[in-house]
Amino acid sequence: MASSDTGAATHFQNPDRNLALELVRATEAAAIRAVPFIGRGDKNGADGAAVNAMRTFLATVEFDGVIVIGEGEKDKAPMLFNGEHVGTGHGPATDIAVDPIDGTSLTAAGRQNAISMIAASDRGSMLDAHTVFYMRKIVTGPEGIGVVDIRKPVGENIRALAKAKGKEVGEMLIGVLDRPRHEQLIADIRAAGAGTRLMLDGDVAGGINSASYEGRLDMCVGTGGSPEGVATACAIKALGGLIQTVLAPKTDEERQKGLDAGLKFDHVYEADELVTSDNTFFVATGVTDGMLVRGVQRKGPIIRTESIVLRAKSGTIRRIAADHLASKWLD
């Protein structure tokens, strides 16, 4: 009996530190501080409040973090900048991708699906794609591995994924950012017989929803931010899903900047190239209600937040509901 118990024990890894459970305090703080700006039309004000809160809480985390993918360069909003050191400077050396509010326009307009997010991985493992703002992406759950290919027409990918999932094509729901550049893509999805879910912003949440076994979306496609693609990859590695991306420079100058930075064009970046480490973390807290998490709620003396915490190494998905005394957050 003793030998049998010993053998069984070898199947388990010794528990270690889950950094995401500490980082979630920073996304909670950013989401709470953004609340007064919801629906007020001031996206930079919302972003600035969230940035300040996130920076303050990150400073308390016992790690040596460097922001590889910062926030705000594209929108010229307040930012946690690329290369900024965060944390105490002690503990694991970590790459960080941050977006204090993924969906500043959604927040300003009072619309759904705004989140505060942080992704993390071992130092030197995140692709630094900030010189090229956009990439084409396709994200699915595990059923898409070896089945879909970003180089194929979207209709072919939808039919192949539907077969792999045992669904009718007419049951398939495809997430796409609602942008003029996607007009033909949306038409092709509908021509294939699938339905679209048009997202005003926030393709990180859309990608995670597509890869989650409880998600409503079957696939997320289209051109979106390169930094968001790398952050999404940290989550997809925890979910066991598929992400493929191709860099999409808007100008020859941007393409040259990417080449000078060592990036590859006409190349399919998959999860293990976007983030080479298998020790990835992803945390997100809802700012407004959405498909991934619920937004911040005020319930009398309580502020309630909902977060999702993912870790690739352990294959763990946690949902964390937290109640915060509102009196502690009054300025």
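This is a predicted model: local features need pLDDT of at least 70, side-chain atom pairs count only at pLDDT 80 or more; totals for chains, interfaces and linings use all residues.
User: What makes Asp266 count as buried or exposed?

Analyst: Asp266 has a relative accessible area of 69%. The cut-off for exposed is over 50%, and Asp266 is therefore exposed. The residue is found in the loop between α9 (252-260) and β10 (269-270). Asp266 also has a positive phi, near 55°, and is a residue other than glycine.

User: How many aromatic pairs does the structure hold, and which residues form a pair?

Analyst: The structure holds one aromatic pair. Phe57 and Trp329 form it, with 6.1 Å from centre to centre; ring centres must lie within 6.5 Å to pair.

User: Why is the pair of Phe57 and Trp329 called stacked?

Analyst: The angle between the planes is 10°. Planes under 30 degrees apart count as stacked, so the pair of Phe57 and Trp329 receives that name.

User: What does the pair tie together?

Analyst: Phe57 lies in helix α3 (residues 43-58), while Trp329 lies in the segment after β14 (316-325). The pair therefore ties together parts that are 272 residues apart in sequence.

User: How do you know which accessibility class Phe57 and Trp329 belong to?

Analyst: Phe57 has a relative accessibility of 23%. Trp329 has a relative accessible area of 17%, and since buried means under 20%, Trp329 is buried.

User: What makes the chain as compact as a globular protein of its length?

Analyst: The chain has ten helices and 14 strands. Its radius of gyration is 20 Å, close to the 20 Å that the globule rule gives for 331 residues, so the chain is as compact as a globular protein of that length. Along its principal axes, the C-alpha trace spans about 65 × 55 × 45 Å.

User: What percentage of the residues count as buried, and what part of the contacts comes from residues 24 or more positions apart?

Analyst: Of the 331 residues, 53% count as buried. Residues 24 or more positions apart account for 69% of the contacts with a separation of 6 or more.

How values were computed: Residues are numbered from 1 along each chain as its sequence is written. Side-chain values use heavy atoms; hydrogens and water are left out. Helices (H or I, at least four residues) and strands (E, at least two) are DSSP runs, numbered from the N terminus. The radius of gyration is taken over C-alpha atoms; the globule rule is 2.2 Å times the number of residues to the power 0.38. Buried means under 20% relative accessible area, exposed over 50%, partly exposed in between (1.4 Å probe, protein chains only). Contact means heavy atoms within 4.5 Å. Rings of Phe, Tyr and Trp (its six-membered ring) pair if their centres lie within 6.5 Å; planes under 30 degrees apart count as stacked, over 60 as edge-to-face and the rest as tilted.
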